[in-house]
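User: I'd like to learn how to read a protein model feature by feature. Could you walk me through one?

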Amino acid sequence: MNGRLKSKSTYEYIGGATWLDPALEYRRLFMADHYASPKPGGINLNKASIPKVIDEVLAGVKKNIKEWSEKGISDEQKEKIEREARHKAAKLLGSQNPAEIIFGRNTTETISLSYWLAGQYEKEHLAAEVLLSDSENPSVYRATHVNVDNGNRDQKDLLTTYSDLSDPSHSTYKPPDEWIRHSSFNICIFGAYGNETLAEMKGQIEAVMSECRKQPGLMILSHVLRHNGRVMPVKKLVAHAKAVKKHHYPENPELFVCIDGAMALGNLPTCDTDELGCDLYAASPHKTLGSPTLGVGRMNLSSPLVREHLPIMQELQPVDQLLFKRMFDPELNISSNVDEEIDPAALLGFNKTIDYLEDHSIKEGDDFSKTANRRLRMKNYAKKQLASLRESGIPITFTPSQNGSSFILSFNLFGWPEFEPAYLPGYVNPIIFDGDSKEKNVAQMLDKRGIALSFIRRGKIFRISFHWTTTKKEIDEFVRVLREILTNPQSL
């Protein structure tokens, strides 16, 4: 392992010859979104980015943290919390085997394990390809190259998270300088940024795979798109991609598929990952369920690629991948390689969150239908209220979405009717470098008025995301303030 090739990371985008240094690429992607932060007493319509831990859960976890600081917490207590968390997560993701559950400090770290489970480390000298759709969260680009998420220790990167509930500014671990893994494989974009049909997306996947100069070994695809809430036809896309890989590369037919369920678990009525046919499913219960920050994943232990490459985890050094205590089930015999653990407070918070949802009839077993229906009612109400802005001469358009979920509603204000791709043939989309715009000014003015929402510069989209506690009163206040800003010429 220590002797394997370490070469500089590069990106190749199908349709163009643009090669970018990864550090520049990360910086550009992270600056692409302006996230308004919820103010105390304000209105948070940005649940998909900056969720709020359920008050009762947070109070309970802090009480436990205080007790642990006074009396200590034993390994037995930690193991009990971990076992319960694995069983709860397994039930949510349709698994009968808690050993399939893996934890990360956040979803990016969970997804980054795909690099090893897919056997990408074996193909680096071939510069194997990774397939992504053009709509993935920027952190997914990073997950294919990072050793570990840096934990947002200075809280300046709103796309990363912190894991210490007792002191959010505390750094639980300082990664080595090599936290960006020096991989040589490339990323291919196959579209799926708008409302393409299933046939169009299948055609894009086939075109990309047939043109790959290296063997595609990994595909990462969102279950629910972050910008418009579209529920992707994941099952059909996964089956198609795996069949295409076998056709074009019969000597190495297996394709590892990781599904990013950050916007799905708790948003969709159910999330049975067995039906999707993926090798790894990663979820973000802190975004949709209101738990403390935690990455939860289910790896399919019946997958030949997982079975083949899981043992490599037993050999990894910290410069390859940080492995924390309680990341893997004890029966897998994968030990941590640093003196750090998945925060037991985060695991406890996850357990308390699931119990809270059950006790308050927000979920029944693994069924979130009640929650989905509540969110959908608010989404429909918000869409109706926002559409009334046209009466004031505001050309609001709603972003195209097929089979949209109940969690997300996105719209444009000034005549951008479609979501723009991040990459056009031969050059990087200049929209991303638009440092100042009417849309950004609106987002910042809403922020100053105590209203949090997400502004996605790619396509100049405003995205609001709904909690089951979102009220019509909050929607009305948001629309009132938005109308006031847009009808005041001096504001823009």
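Analyst: Happy to; we will go from the whole chain down to single residues. One thing to keep in mind throughout is that this is a predicted model.

User: Let's begin with the overview. How many helices and strands does the protein chain have?

Analyst: The protein chain has 14 helices and 16 strands. Of its 492 residues, buried ones make up 60%. The chain exposes about 19,400 Å², and carbon and sulfur atoms supply 50% of that area.

User: And what share of the contacts join residues at least 24 apart?

Analyst: Taking contacts between residues at least 6 apart in sequence, 74% join residues at least 24 apart. The C-alpha atoms of L131 and M219 are separated by 4.5 Å, although the two residues are 88 residues apart along the chain. L131 belongs to strand β4, residues 129-132. The second pair is V231 and S405, which are 174 residues apart along the chain, with their C-alpha atoms separated by 6.0 Å. V231 sits in the loop between β6 (216-222) and α8 (234-248).

User: Now salt bridges, please. What is the general idea?

Analyst: Side chains of opposite charge can pair when their charged atoms come close. Here the cut-off is a side-chain nitrogen of Lys or Arg within 4 Å of a carboxyl oxygen of Asp or Glu. The structure holds 17 salt bridges.

User: Which residue pairs with D329, and where do the two partners lie?

Analyst: D329 forms a salt bridge with R86, and the closest N and O atoms are 3.9 Å apart. This pair links distant parts of the chain: D329 is in the loop between α10 and α11, R86 is in helix α3 (residues 75-92), and they are 243 residues apart. Both D329 and R86 are buried.

User: What are the distances for K363 with E358 and for K370 with E364?

Analyst: K363 and E358 meet through their side chains at 2.8 Å, N to O. K363 counts as buried because its relative accessibility is 3%, whereas E358, with a relative accessible area of 32%, is partly exposed. The side chains of K370 and E364 meet in a salt bridge at 3.0 Å, N to O. K370 is partly exposed, with 38% relative accessible area, and E364 counts as partly exposed at 47%.

User: Which residues do shared partners join into one network?

Analyst: Salt bridges that share partners join K78, E82, R86, R326, D329 and E341 into one network.

User: R326 is in that network. What is its phi value near?

Analyst: Start with the general idea: most residues other than glycine have a negative phi. R326 has a phi near 75°, a positive value in a residue other than glycine. N333 also has a positive phi, near 60°. R326 is placed in the loop between α10 (304-309) and α11 (344-359), and N333 lies in the loop between α10 and α11.

User: Which of these is buried and which is exposed?

Analyst: R326 is buried, with a relative accessible area of 14%. N333 is exposed, with a relative accessible area of 56%.

User: One last feature. Which residues gather in the patch of positive charge?

Analyst: R374, R377, K384 and K472 gather in that patch on the surface. Its largest share, 3 residues, comes from helix α12, residues 369-387. R374 lies in helix α12, and at 30% relative accessibility R374 counts as partly exposed.

Key
Residues numbered from 1 in each chain as written. Predicted model: local features only at pLDDT ≥ 70, side-chain atom pairs only at ≥ 80, totals over all residues. Heavy atoms only, no water. Patch = residues over 30% accessible without salt bridge, like charges linked within 9 Å, V, L, I, M, F, W, Y side chains within 5 Å. Areas by Shrake-Rupley, 256 points an atom, 1.4 Å probe, with all protein chains shown as cover. Lys, Arg positive; Asp, Glu negative; His and termini not counted. Charge placed at Lys NZ, Arg CZ, Asp CG, Glu CD. Helix = DSSP H or I, 4+ residues; strand = E, 2+ residues; numbered from the N terminus. Buried < 20%, exposed > 50% of the residue type's maximum accessible area, 1.4 Å probe, protein only. Contact = heavy atoms within 4.5 Å.
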